[in-house]
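Please read each point with the structure in view.

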Amino acid sequence: MTFQPKIVGFLCNWCSYTGADLAGTSRIHYAPNVRIIRVMCSARIDPTFVLKALHDGADGVLICGCHPGDCHYSEGNYKMMRRYPLLKSLLADYGIEQERVRLEWVSASEGQRFADIVNDMTERVRALGPSPVKAALEADLAER
Amino acid sequence: MDDLKIGVFVCNCGTNIAKIIDCDAVIDSVERLPYVAVARTYKYMCSDPGQDMIQADIEEYGLDRVVVAACSPRMHEPTFRKALQKAGLNPYFLEMANIREQCSWVHDDPVAATEKAAALTAAAVMRVAHHEALERRSVDMCPNTLVMGGGIAGMSAALDLADAGNRVYLAERSDHLGGNVARTDLTAPYLDSARDMLTERITRVVEHPNIDVLLESQVRKVDGFVGNFQTTIRGKADDGAPTDTVYDVGSVVVCTGYKEFDASRITHYGYGKLPNVVTSFEFEKMLRAGRVTTKEGKAPQYVAIIHCVGSRNLEFHAYCSRVCCMTALKYAHEVKSAVPGAYVSDIYIDMHAFGKGMEDFYRRSSEIKTLFLMYEKNDYPVIRKADATDDCDMLIEVNEILSGETIEMPADLVVLMVGMEAREDSEEVAHLVNISRDKDGWFIESHPKLDPVATTTDGVYIAGACQAPKDIPDSVAQARAAAARILARTARGKIEIDAVFSEVDEDKCSGCRMCNELCPYVAIEFDAEKRRSHVISALCKACGACVAACPSGAITARHFTDKQIFAELEGVLA
Amino acid sequence: MADDKLQIAIYWGAACGGCDVSILDTDEFILCIDAAADILLWPIATDGKYKDIEALADGGLDVAIMSGAVRNSENERMAHLLRQKSKVFVAYGSCAYMGGIPSLANLVPREEIIARAYLNNASLEPGNTTVPRLRTSLNGYDLELPEFYARVYKLDQVVDVDYYVPGCPPQPGQAQAAITALVQALTGQAEAPPKGSVVGASERALCDDCKRTKAEEKKVKRFYRPWQIMQDPEACLMEQGILCAGSATRSGCGVRCPDSGIPCRGCYGPAPGVVDQGAKLLSAVASIIDSKDADEIDEILLTLPDFTSFANRYSVAASPLQRSHRR
């Protein structure tokens, strides 16, 4: 059985979620491994969401927002852009492989791009194997 | 929450969803979730019987929350919210799971797609349990409209709005109305005079008591929200100095049009080097002046028209500019009438004659003995200067497909059908009114099929070529559609805006002020006396930036709370 | 033991002793405690033994106050014992509440900790191969050491906790208030706080009590360690580029650190309702970075050494990921 990664995608309503919908209306096929959660803007994404996703068993987390300069709320994506490197460094210290969390800018007309990103990320996460988090925390408890 | 009752409705969408997703299996898996009182499928949930079913179940089971697993919420969230409202349930007690655009339409493995659909539906069930009743707010709708651009689209929109009794501010950058249509002579397919058509429009616009025509004016700022915008327009005062004026408007229609492709970017057509190679717009100038001549002043014996200059070309623009084929045929007719003995060759890839009267026009163009030469996409004709011994100015080498031969067409005058491009200021305009552009720079409509004139910013509409290449009838249709949309709102005097905004819990706010500067709408004010921040709900657009940034977690995003998102997370990962 | 005196135990897990000292630092109040209660076990101060606790009936202890985290099996055993025997179990101090400083060890795999402590650091005899073992036989006796767990746990990951008193250590005034509240609740003089409450601290973040002025403009082009610039003692530290955890930290400590020119380190834990203090600090820091260019942002972040230890200084065990997952 090939390992099927479970990837949570946080997509902003105006650009990336719409772009994902466009992939649908254009019938562009992509890997079924991403489960999308809609937020209004990538700025809404609290780093806690990413950490909780990993804690709850996600093998990867994809964050999508509008291209810099095109945010529906003017500069929301810059707020996400500023949080992202800090989040990455936190994840590195917690031993989470870098490829498991990814930030991409996807516009409302980029259905194909969204599909390509999902396919690429699915393969990269598949190569990493299941996320160690849930199993590790349970293993810790088992030894007590 | 113990007595919560959730109803789950999984749509088949005909075969759109049901073909790939086993909807019964989805029902089975969600039935076991806590609080689910009823779960069923139906062919078309958005149809009247579908909605009636939801309403009947709400009554029969006493449902407090409803999940509809179907198309994208961007499609039908308003539809199902209304259904809840009709059944007496707060419309925000709905959550949709997107199992069509983001599942059945994009995956071909039924097992994987069904599993994903079940997870997305479960996530919606877990999220909706945390939804709260929200009330939409009613605000005044200012009946004035800002129309950006004084071309055919802008004027058409302005006239419909003004005729209905509303004030229109028509802002035009240049010193005249008419836009790109003012640069043309006749229109295809009936060879009507563009000037006559425009003169009628322009006169009506200029004389209309409800339209303020602002020439040489630029929109500098658009603040506020739908029904309540304030726009700053920079114009020229009497002494010529720039002067800013602020206008209150309720809606904005963007009709900024297009610019033509720069033909010098294609070197093998010799534009800019060979003096008798002209663009379509340069040719229009000749036609308007009534003189079709070469640069040397002679009547051309051979006229060649080349299609798709800069269009349908991966190197420049992959799209078709839509109007050029018929315009080229228009030129064939105009040349034949201006220079009766001239030979006209029309060098094209495909003939896009899609509209009303256009196929007839195409037929008539061959009846007047236009010579049609078809070339293969990417196998472009090459223009070179003819020798002194040739009886023409230039020679065009075409690998003609229909005959299978390489033909050298003589030409004294070549007209390049340059494509349409997004204007250089389209980025600036997009930012001004907060709309998006696609990869080619055209403004993006709300929905490619069902909502062609609205945008993602409520109250801002787009019409005409600025949305995508199109001809005059379609531009006018869009412009008048935008006007109709606006009139539907101004007629009511008030509009409802979303109940979704963010709020600061003053019992939790420590006054750290991390949030004040973050808000792009300046919606968070600081009360220095109370030492607390406060969100002005009318200005809040619910982006949630402050919610994620607040270090105390004192700000809540209505309808996108942490609890709701954590619940959704649990559902997708179960 | 007088019948009307409360029976209490004050114990430490993986701790530094500071929390016990903070109770001692209540000065004369310690005499009130003595008047109201028999302290059956308090390793730092009294002579009680584990078997004194084991001998009690369940509920025989009115209050067990435990500081320190759970690092090893002895910490866990005692946590369970005290929970079993007590009516009210209090997690006292940041370590008990969130894992505290010991839980920073969760960022390093256990094997590496053992190796560093016993095999390869400069203070060891070269060539040492002795590491602690669970069981050893010596002179006919079997000796057991507590098991060193794979990670540090906060107390409520091990036992059911009734109340939390945050702080590293809790300020004596807060300790006094918390103990007083508990005693009053147990003796029926006042209503008990809801189970699971954080007691003796504020319901808002530090900025509420901090005297420094907070401006609307919060934009920095780089970050500074406290000693790298001449601080403006009146202005918010974050606005000066000095990382202060105060905006994401519960108040109640008296703001002693920022008042002394040292940024808050977050020992009182997150504001009420916040899931991960580190994530909120991350958002706060990101919010004040003055740049929209990805490369420039990276440059600015180079001035922030070791962000993770700042973000989760006291709260690694309380964070969603809880420990390093490096394989």
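1. Across the interface of chain C and chain B there are four salt bridges, a salt bridge being a side-chain nitrogen of Lys or Arg within 4 Å of a carboxyl oxygen of Asp or Glu. One salt bridge joins the side chains of C:K219 and B:E517 (3.1 Å, N to O).

2. The model is predicted: local features need pLDDT of at least 70, side-chain atom pairs count only at pLDDT 80 or more, and totals for chains, interfaces and linings use all residues. Residues are numbered from 1 along each chain as its sequence is written, chains are lettered from A and ligands numbered from 1 in the order in which they are written, and side-chain values use heavy atoms, with hydrogens and water left out.

3. Chain C brings 23 residues and chain B 22 residues to their contact (heavy atoms within 4.5 Å). The buried area, meaning the accessible area (1.4 Å probe) that two parts lose on being put together, summed over both, is about 1800 Å² here, with 49% from carbon and sulfur atoms. C:R204, C:E216 and C:K280 supply 31% of the area that chain C buries against chain B, more than any other three residues.

4. Chain C is divided into domain 1 (6–101 + 152–186), domain 2 (104–150) and domain 3 (206–311), with bounds from an automatic or database domain assignment. The C-alpha centres of domain 1 and domain 3 of chain C lie 32 Å apart.

5. Between domain 1 and domain 3 of chain C, about 630 Å² is buried, 55% of it from carbon and sulfur atoms. Zero salt bridges are found across this interface of domain 1 and domain 3 of chain C.
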